Structures are given as C-alpha cells and as structure tokens.
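Dear colleague,

Please find below the structure that I am handing over to you. My notes on it follow directly after.

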Amino acid sequence: MLGGMRHLVCALLLLSASSLAAQPRVAPPAVGLGFGVDTADADVAAVVRLVRVYLASAGDSAAARRLWSTRDPADRRWGDLARFYAYQGFPATIAGVIAAAPGDSVYLVKLLHARADDDGTVDPMALQRLYAVREPDAPHGWRLSNAVGRLTRGWPTRTVGRIAFHYAPGRTHDAERATRAARFVDSTAALFDVPVPERIDYFVTGSPDEYFRAIGLDFFPLPSGRGQASGGNAIVQAGVVLAGDPAQGEAYLHEIAHVILGRRYGGAVVGEGIAAWLGGSRGRAPRELWRLLADYQRAHPDVTLDMLVRGELPDGWGAAESDAMYATGSLFVEHVHRRGGAAALRALDGAQFAGDDAALAAMRTHLGLAAEPDALDAWWRRAAAEAARE
C-alpha cells in the first residue's frame, strides 16, 4: 500500500469532482496566516475575517453562499469551483491578500491547503486563488468571487446543442467533435432515461494544469511521469466539464457522461465503469482497456478482483492499476448490458455500490453470481481474456 498522502492523491486522481463532493463532509480546516499578510491594514483584516468565516463552512452551506458575490455571471452560476478539489480537510494558510489592480475594489487571495508531518515534510493539496470584492452591504464589507470568471473572460465561446464550449488560448473550434459531443448528450440521457442537462459548460484546454489554473487552482497534484500530460474531469454539481486533452478536444465523452448521469451512478466500479463504457478512458476505447486489463492480469497473477476494488495491492497503486480499475468497471457494465440491455443498466442506479463490500456484492448480483461467492474473480479473468481476443 502507498503511504498516507500518496494513497490519498492517487484516490483523488481516480475520482471525478462529483465523486469527491460525495465523500463524507470533512471538518473545517484550521486557518493560519502567511508572514506577508498584514492585518494592521483595515482592508486586509476585513478580507481575512471573511475568508476565515467562509472556510469554516468548508465552502458548502447556505451561509457560505451568502458570502459569495453575485455580480459576475460566473459567480452566480458556479460559485467556488475549486472547493470540489481543494477542501479535503487539510489546514489552510492565507498566504497572500494582494491588490488585484490599481485602486481598492478587488483583492487577490492566495490560499495554501497543506499539512506538515512531524519531520517537517510538507504535503500540499492545493494552492487556491480567490478574489475579494468590496461590497459595502455585505456582512463583512466584502464578498468572495471566483477566478474562472476573470481568467477565462477573454476565451472564445461556441454553443452546440446543450454545450457551451470555452476555448483556452491556442485552442480552436472543431465542429465535428462538438457535434459528436452534443449528440452524445442526447443519446446518453435517452439510454439511461435521465433529463437532458439544460446547459453544460465545457472548457477546452491543452492540459489538466491549464484547466485547474482556470478554475482557481494554481497547484493541484497531478500524476507524475511520461504519458500523464493530458486528462479530464467533471464537476457534476456545476454542470462543468474540464477537458485537457488536445487529442479529444470537444469530444471528451467520458467526462460528459459524468455530468449527464450525475451522482446517481457512483463509485469507481459503476460510476467510472459506465463513463468508460460509454466514452472510453484517456482517449482509449473500451476494447483497448479490456486488452490492457488482460495484460495486467497476466503480469500480476496474484492480484485478485477483491484486491483491486479495495486498493489492497502489494506493489501500490499506479497508472497500470488505474487503467485496470477503469477497464474492470467498463467490462462489468458491458456484461450487465449484455444480460439485460438498457433496463439492466438503469437498475444500476442507486447507493448499493457505496463501499467496497457493497460494490463487490452488487457485482455478483448484477452478473447473476450471487449464489456463487467465489465465482466473481473467475468471471473477471475469463471476461477479460475473452474480450482481449475479440
């Protein structure tokens, strides 16, 4: 198993923001001040008080929303997009309260979410960018504003169907991909009999680092190593897709699926499995994932399905294990669909997949293996080998 922080980071990277937000609510973080924050200045002191009150709610309550400005359309629509990633219970430090421009109407607030071990090692979770806007009628004389409205204000936008595509500098509109994505929204909603979202905001960028900066995360942990420079994410509650893979551009269907289906189909087995079954993973089609799973099983004969689902792996969790998990989920969904069609897929809706034991039990039930407790691992190996030969 990986050490505490490394295991947490790998888990975060596996989950979409919708899954993160569905985790148990964490305690409000302790809030410190960086040495450069001078509360002798009246404006700075007021902004610090506002941020402390806001963080005490972990950014998610009716009281927190009253601290948020509504002047900008981006603030009214989304509020604090970064909260779905940054607020994981780490202590927060207000590292800076800096004038954003000449005058005194707006301040840039930098928040460092990090913890330090007893040996002095620092584990950072996020460096967040917020803004404080002077509003005399507000309880603290100021309200908070997000980064995305400011940092993407000059990005071109094109709307196709229900999707508003926002293009980072250097990205251009691909009509074929955009049309494909718009059709995917309608077909997926019809397959699962869920309402079509009124609007999806889709940020087309060149990398995850670029889309995280756009929503106000100047730092968020990303996978290391070659082949990790692209990816995507979905913020279901906000109806937002973050696409950082130029090879997929407007057609990052995996993340669109998350926004359409919301949290009704959750967890790494079903939620990620359905998204991978519909839209692949990191640009790879389901059949390619299944071949990777068969390769993984041959290379790791001692790893069982139970171990993979629980994350209890002798060599830790890396890119190969993440691929194997996505492949396993999509293969499970494929076999459920073969057994019962769209009705069987819809029956996956619900909370029966919460927790590892429940997920494994539900897999047995939906595959018709409930009467054979030891048959699930055999199915996993047999199904992957058969899929790799197809």
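Does Asp193 count as buried or exposed? With a relative accessibility of 57%, Asp193 counts as exposed; the cut-offs are under 20% relative accessible area for buried and over 50% for exposed, with partly exposed in between (1.4 Å probe, protein chains only).

Please note that this is a predicted model, in which local features need pLDDT of at least 70, side-chain atom pairs count only at pLDDT 80 or more, and totals for chains, interfaces and linings use all residues. Residues are numbered from 1 along each chain as its sequence is written, and side-chain values use heavy atoms, with hydrogens and water left out.

The protein chain holds 16 helices and 11 strands, taken as DSSP runs (helices H or I, at least four residues; strands E, at least two) and numbered from the N terminus. Of its 390 residues, 53% count as buried. Where contacts (heavy atoms within 4.5 Å) link residues at least 6 apart in sequence, 64% join residues at least 24 apart. The accessible surface of the chain is about 17000 Å², and carbon and sulfur atoms account for 51% of that area; the areas come from the Shrake-Rupley method with a 1.4 Å probe, and for residues only the protein chains shown count as cover.

Two backbone angles deserve mention. Most residues other than glycine have a negative phi. Asp193, in the loop between α8 (175–192) and β8 (200–204), has a positive phi near 55°. Arg282, likewise not a glycine, has a positive phi of about 50°. Arg282 lies in the loop between α11 (267–279) and α12 (286–299) and, at 32% relative accessibility, counts as partly exposed.

Yours sincerely
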